[in-house]
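Subject: Handing over the two-chain model

Hello,

Here is the structure I promised to pass on. Please open it before you read further.

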Amino acid sequence: MSDTCRFEPQMLRAAQEDRWTDSLRAHLGECDDCVAAISVAPWMTQFSRISDREHILPDPSVIWLKAKLLQNTVDVNRVTRPMDAVQLISYIVVAGGWAGVLLWRWNEVEAWLRTFTPTGMVESVARAESLSMSFFALVLVLASMTVMLALHTILAEE
Amino acid sequence: MNAFAMTIPAPLFEEARSRTGKPSPMDEARFEMFYRRNAGNLWSYLFRMTGDAATADDLLQKAFFRFIRANPALAGEEHMRRWMFRTATNLALDHFRETKRERSQEVETPRQQPAEARELLRHDMMKTFAELKPRERALLWLAHVEEADHEDISEALGVKAKSVKVLLFRARKRLGELLTKKGLAPQAKR
């Protein structure tokens with residue numbers, strides 16, 4: 001769709017070549033668009049022709065190479081994005097797991113830690129108390145996940 | 001002549017089709033061909049928009065980076081040229097937004113006094129054109145130099161096709177006023 005006045009090309013040509021017919025002159029009297037167009041057309045033509053060709057354009061092979069390098073970087077980022085997301089989720093899960101376990105059994109953990117003091121050792125032997133096997137199993141799982149995550153992070157960076 | 005039907009004689013992208021009819025991705029040779037045929041016009045446009053050769057170089061490269069990334073074999077040649085001008089226009093307007101050099105500031109012009117008459121003329125013309133808003137510059141260049149129709153201009157500038165007529169009229173009036181003020185307006189031949 002074009003809303004250009006249908007006389008505009010003729011008007012521009014007439015202005016360019018300074019060849020005016022009666023009908024074009026008559027149209028000029030009633031079309032503001034054409035008046036505006038021919039008031040700037042010769043200047044724009046001259047402006048477009050002032051030489052800037054001495055400027056050396058960037059080499060296309062350099063642009064191609066740079067674009068490919070940029071593309072590779074973008075591709076790598078796109079491919080690693082899901083992995084990064086999974087890694088982040090894993091960090092959160094493991095950290096949350098540790099926090100949950102410690103909060104859930106904090107009193108027992110605290111008591112267990114106290115057994116490492118000399119008085120605590122004597123008391124615990126006398127009471128024969130210890131943490132449940134399920135707790136230790138959970139800790140073992142979380143510890144394994146932490147180690148695997150740490151190894152994955154180190155290896156992925158390398 | 002349609003504006004964006006510049007000077008590409010060969011059906012560049014037609015050649016890229018395989019026997020199955022599916023377009024193959026653009027390779028370096030075809031890109032180089034497309035670049036050599038279009039980069040000059042695009043650079044002139046960006047240079048007139050920004051008034052600075054280095055900025056025009058930079059924006060030209062960015063436009064072609066996007067062009068390569070856009071997998072151009074999927075589209076026709078005509079579409080590609082329109083796409084390039086639209087991208088270049090967006091990049092130039094973004095550049096003005098980023099550097100806050102809209103109309104209030106002139107585009108960069110050579111600091112030393114140009115020696116030759118031709119250089120002086122170019123300097124004055126660049127200065128005059130720089131007094132327009134970036135969008136006015138784009139409108140005038142696309143309409144008068146690239147001879148784009150209103151639909152192509154609307155696509156390049158991201159405005160409604162119906163608005164182009166009014167915007168172009170205003171841009172022409174504004175340039176006309178500037179030229180009159182500077183005593184450069186052409187004499188009406190009525």
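Below is what I found, chain by chain and then where the chains meet.

**Confidence**

This is a predicted model. The model scores ipTM 0.73 and pTM 0.67. Chain B averages a pLDDT of 78, and 72% of its residues score at least 70. Treat residues 1-16 of chain B with care: the pLDDT there is below 50. That stretch still has 35 contacts in the model beyond near neighbours in sequence. In chain B, helix α5 (residues 134-145) has the highest confidence, at 92. Helix α4 (residues 117-130) of chain B has the lowest, at a mean of 82.

**Chain A**

Chain A has seven helices and zero strands. From the N terminus on, its elements run α-α-α-α-α-α-α. Of the 158 residues in chain A, 9% are buried. Take the contacts in chain A between residues at least 6 apart in sequence: 66% of them join residues at least 24 apart.

One residue to look at is Ala143(A), in helix α7 (residues 133-157) of chain A. Is Ala143(A) buried or exposed? Ala143(A) counts as exposed, because it has 12 C-beta neighbours inside 10 Å, and 12 or fewer is the cut-off for exposed. Val94(A) is 49 residues from Ala143(A) in sequence. In space the two are 8.8 Å apart, C-alpha to C-alpha.

**Chain B**

Chain B also reads as helices: it has seven, with zero strands. Its pattern along the sequence is α-α-α-α-α-α-α. Buried residues make up 35% of its 190 residues. Among contacts in chain B with a separation of 6 or more, 64% come from residues 24 or more positions apart.

Start with helix α2 (residues 53-69) of chain B. Its 17 residues should span 24 Å at 1.5 Å a residue. The end C-alpha atoms are 24 Å apart, so the span agrees. The buried residues of α2(B) are Ala56(B), Leu59(B), Leu60(B), Ala63(B), Phe64(B), Phe67(B) and Ile68(B). Residues three or four places apart in an α-helix point the same way, because there are 3.6 residues a turn. What do the buried residues of α2(B) pack against? They pack against α1 (28-50) and α3 (77-99) of chain B, together with α4 of chain A. Just after α2(B), Asn71(B) takes a positive phi of about 55°.

Next, α5(B). This helix has twelve residues and reaches 16 Å from its first C-alpha to its last, close to the 16 Å expected at 1.5 Å a residue. How many of the twelve residues of α5(B) are buried? Eleven are, so the helix is largely enclosed by the rest of the structure. The buried residues include Arg135(B), Glu136(B), Arg137(B) and His144(B), as well as Leu139(B), Leu140(B), Trp141(B) and Leu142(B).

α5(B) is followed by Glu147(B). Glu147(B) sits in the loop between α5 and α6 (150-157) of chain B. Its phi is positive, about 50°, although it is not a glycine. Most residues other than glycine have a negative phi. Glu147(B) is partly exposed, with 16 other C-beta atoms within 10 Å.

**The nonpolar core**

The largest nonpolar core has 56 residues. Among those with the most contacts inside it are Leu42(B), Leu46(B) and Ala88(B). Leu60(B) and Ala63(B) of α2(B) are also on that list. Leaving aside neighbours within four places in sequence, Leu42(B) is in contact with Leu60(B), Ala63(B), Met84(B) and Ala88(B).

**Where the chains meet**

The contact takes 32 residues from chain A and 41 residues from chain B. On chain A, α2 (22-28), α3 (32-49) and α4 (60-104) each supply at least two residues of the side that touches chain B. α3(A) gives the most to that side, with eleven residues. By class, the side of chain A that touches chain B has 19 nonpolar, seven polar and six charged residues.

Over to you.

Methods: Residues are numbered from 1 along each chain as its sequence is written. Chains are lettered from A and ligands numbered from 1 in the order in which they are written. This is a predicted model: local features need pLDDT of at least 70, side-chain atom pairs count only at pLDDT 80 or more; totals for chains, interfaces and linings use all residues. Two residues are in contact if their C-beta atoms, placed from the backbone, lie within 7 Å. Helices (H or I, at least four residues) and strands (E, at least two) are DSSP runs, numbered from the N terminus. Ala, Val, Leu, Ile, Met, Phe, Trp, Tyr, Cys and Pro count as nonpolar, Asp, Glu, Lys and Arg as charged, and the others, Gly among them, as polar. The expected span of a helix is 1.5 Å times one less than its number of residues. A residue is buried if 20 or more other C-beta atoms lie within 10 Å of its own, exposed if 12 or fewer, and partly exposed in between; C-beta atoms are placed from the backbone. pLDDT is the predictor's confidence in each residue, from 0 to 100. A nonpolar core is a set of buried Ala, Val, Leu, Ile, Met, Phe, Trp, Tyr and Cys residues joined through C-beta atoms within 7 Å.
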